[in-house]
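Trainee: Could you take me slowly through one part of this protein, and show me how to read it with care?

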Amino acid sequence: MQQIDQIVSLLKEKVQGTLSLENETVLEKMLLDHPRLQEIVQEFDSTEKMLNAVSDYQQVLNVHTHEREEVLLDDILIKVRQQRHDSAVPPIYTVMRRRYLYIAASCFLMFLLAGYLILEQQKPTKYLPHTKISDFNPGKKRAFLEMDDGKKLVLSDAHDGISIMEALQYSDGTVIADEQEMAAKLMTLTVPRGGEYQVVLSDGTKVWLNADSKLSYPKSFEKDQREVTLIGEAYFEVSSDKNRPFIVHTKDQTVEVLGTHFNIAAYLDESVSLVSLVEGKIRVSHENQPPHIVMPGQQAAFMDGQIQVYPVNVAEFTAWKNGEFIFNNEPLATVMQKLARWYDVELVLENKLENMKIWGSIARSSRFSHVLQLIKMTDEDIHYKIEGRRVTFMK
């Protein structure tokens with residue numbers, strides 16, 4: 001029991017920000033020796049819950065060590081027995097009367113953690129080690145702007161986007177460069193992994209760029225048409241202009257509209273390109289194939305050299321623009337591609353996990369540890385190990 005007491009003490013220092021470098025090494029060594037503990041610790045999704053649990057746990061530190069061990073073993077035994085019964089009504093044990101004095105609800109997992117340490121030596125573990133307590137921040141506003149005259153601007157992460165309708169400026173009106181300073185005719189807005197950004201084009205069209213995406217566009221459009229080139233994913237709100245069609249070129253398709261809202265996902269490392277229409281009407285074409293008309297609530301998918309149009313729930317494909325991930329019976333392999341771009345991490349799957357289906361939604365503002373919880377909820381037998389910014393999933 002000394003070990004669990006020491007871990008609780010070190011965890012309290014860690015969440016309070018007072019853990020020394022020496023004790024940080026000690027804690028990481030403990031968690032490396034007992035990898036199951038990290039998953040239990042991660043169940044506390046806030047510092048407040050962790051501190052409350054630690055506080056409740058420390059209230060019983062004065063109880064005799066042998067009695068505490070007995071209480072914890074009783075707790076684990078009850079959990080095992082409950083899992084072996086199919087009955088919806090769990091059995092009542094007389095030991096609950098004795099345990100009542102010691103166990104508060106907010107520190108249940110901390111006791112489970114302690115019980116794990118006691119029983120761990122009696123059975124082999126199938127959990128792979130984690131190198132340390134690790135978490136990754138979600139993406140943020142990140143982008144840079146390249147000009148055809150060689151200039152390159154790193155854009156501020158304090159702003160949502162830029163506009164070039166008059167001068168080059170941020171969305172709040174802060175001028176970056178005026179008309180006289182803008183010698184470039186063609187611009188490329190690049191959003192790296194772990195980023196997102198917006199741009200308002202010279203005709204008033206609004207574009208939201210997702211992580212790992214590029215949009216190339218002129219400083220001002222021609223009189224007879226409007227053309228841009230996209231690599232990656234973007235949501236468009238095209239300003240209506242009956243005399244000038246708006247054309248988006250991707251690696252596989254050409255999308256032509258007059259005024260509408262739609263989403264394009266056309267990453268170079270994905271075999272399928274998707275165009276999802278929210279409102280209006282678009283025409284999608286590829287090389288010598290006849291064009292396909294897409295109506296609201298439909299999606300045009302380019303795969304294996306062919307375009308197919310079918311109905312979809314468009315909200316699932318545009319949720320990222322509104323700050324959410326929605327997964328509806330989606331293969332884990334494609335889910336991992338989206339997460340890897342947003343959290344700027346490398347995610348590796350065992351082959352047998354690639355086609356496993358995922359349901360659920362999570363805010364894009366969530367830390368990566370919350371995403372791990374969602375995946376574990378889908379299948380508790382999925383485990384992972386973290387090495388730097390590489391996460392490997394296995395079963």
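Mentor: Let us begin with a cut-off, since a residue is called buried when its relative accessible area is under 20%, exposed when it is over 50%, and partly exposed in between. Thr392, which lies in strand 24, has 13% relative accessibility and therefore counts as buried. Leaving aside residues up to four places away in sequence, Thr392 touches Val348, His383, Tyr384, Lys385 and Glu387. By contrast, Ile176, which lies in strand 6 (residues 175-177), has 25% relative accessibility and so counts as partly exposed.

Please keep in mind that all of this is read from a predicted model.

From Thr392 we can turn to helix 10, because the elements that its buried residues pack against include strand 24, where Thr392 lies. Helix 10 covers residues 368-378, and its buried residues are Phe368, Ser369, Val371, Leu372, Leu374 and Ile375. An α-helix has 3.6 residues a turn, so residues three or four places apart point the same way. The buried residues of helix 10 pack against strand 24 (390-394) and strand 23 (383-387), and also against strand 21 (346-349), strand 22 (357-363), strand 20 and helix 9.

Finally, a word on confidence, which has a mean pLDDT of 79 for the protein, with 71% of its residues reaching 70 or more. Among the elements, strand 9 (residues 206-209) has the highest mean pLDDT, 98, whereas helix 6 (residues 95-99) has the lowest, 38. Over residues 75-109 pLDDT stays under 50, and the model has 39 contacts beyond four places in sequence for them; over residues 60-69 pLDDT also stays under 50, with 14 such contacts. Where pLDDT is low, the predicted coordinates should not be read in detail.

Definitions and conventions:
Residues are numbered from 1 along each chain as its sequence is written. This is a predicted model: local features need pLDDT of at least 70, side-chain atom pairs count only at pLDDT 80 or more; totals for chains, interfaces and linings use all residues. Side-chain values use heavy atoms; hydrogens and water are left out. Buried means under 20% relative accessible area, exposed over 50%, partly exposed in between (1.4 Å probe, protein chains only). Helices (H or I, at least four residues) and strands (E, at least two) are DSSP runs, numbered from the N terminus. Contact means heavy atoms within 4.5 Å. pLDDT is the predictor's confidence in each residue, from 0 to 100.
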